[in-house]
Amino acid sequence: FLEYRKWKATLYFLEESTQTVQSYLAGVLTGFLTPSLLGNFIGRMYYYPRKKRSQIIVLTFLGNGAQFIASISFGLLAVALLGQEQLHIPRFNSGIAFGIIALMLFVYFLFDKSPVPIQKWKTKIIPLLAGTEKLRFKILLFSLLRF
């Protein structure tokens with residue numbers, strides 16, 4: 001349900017309201033057929049016009065990135081809370097965990113604002129992310145709740 005809500009939030013941002021359930025389920029199917037569920041954008045973009053497909057792909061990867069951040073964050077917090085004794089991990093403390101989580105959040109929210117030397121990135125990808133700050137927060141919130 002929460003993954004579907006992330007998809008609906010993405011479509012609302014794109015001002016698309018058709019084929020919501022069908023495109024979501026097609027994304028789930030193609031995600032299962034590809035390694036690490038990376039192909040969910042393939043099924044999703046099929047239902048929308050060609051001019052929206054690039055943005056659907058980029059925003060789907062944003063959703064995947066938010067879920068990755070949620071998974072890694074909760075894993076790091078678990079390691080930090082369980083401590084070194086139970087897991088036999090030398091010199092791991094909660095400061096490292098919080099630092100890594102902060103770095104991931106920084107990259108997630110500000111990677112499109114940083115100076116990037118790759119020209120294709122600047123001209124093709126960055127414009128597709130314009131105005132997605134609220135959407136990123138909403139998607140990350142759904143990802144954290146889902147986890």
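Modeller: Phenylalanine 137 lies in helix α7, which covers residues 133-146; helices here are DSSP runs of H or I with at least four residues, strands are runs of E with at least two, and both are numbered from the N terminus. This is a predicted model, in which local features need pLDDT of at least 70 and side-chain atom pairs count only at pLDDT 80 or more, while totals for chains, interfaces and linings use all residues. Residues are numbered from 1 along each chain as its sequence is written, and side-chain values use heavy atoms, with hydrogens and water left out.

The relative accessible area of phenylalanine 137 is 53%, so the residue is exposed (exposed means over 50%, buried under 20%, partly exposed in between, with a 1.4 Å probe and protein chains only).

Glutamate 3 sits in helix α1, residues 2-13. With a relative accessible area of 14%, glutamate 3 is buried. Leaving aside neighbours within four places in sequence, glutamate 3 is in contact with Tyr24, Arg44, Gln67 and Arg146, where contact means heavy atoms within 4.5 Å.

The loop between α1 and α2 (20-33) holds glutamate 15. Phi of glutamate 15 is near 60 degrees, a positive value in a residue other than glycine. Glutamate 15 counts as exposed because its relative accessibility is 71%. Glutamine 19 is also found in the loop between α1 and α2. This glutamine 19 is not a glycine either, yet has a positive phi of about 55 degrees. At 34% relative accessibility, glutamine 19 counts as partly exposed.

For the chain as a whole, there are seven helices and zero strands, and the pattern read along the sequence is α-α-α-α-α-α-α. The chain has 147 residues, of which 37% count as buried. Among contacts in the chain with a separation of 6 or more, 63% come from residues 24 or more positions apart. The accessible surface of the chain comes to about 9,300 Å², and 69% of that belongs to carbon and sulfur atoms. Accessible areas come from the Shrake-Rupley method with a 1.4 Å probe, and for residues only the protein chains shown count as cover.
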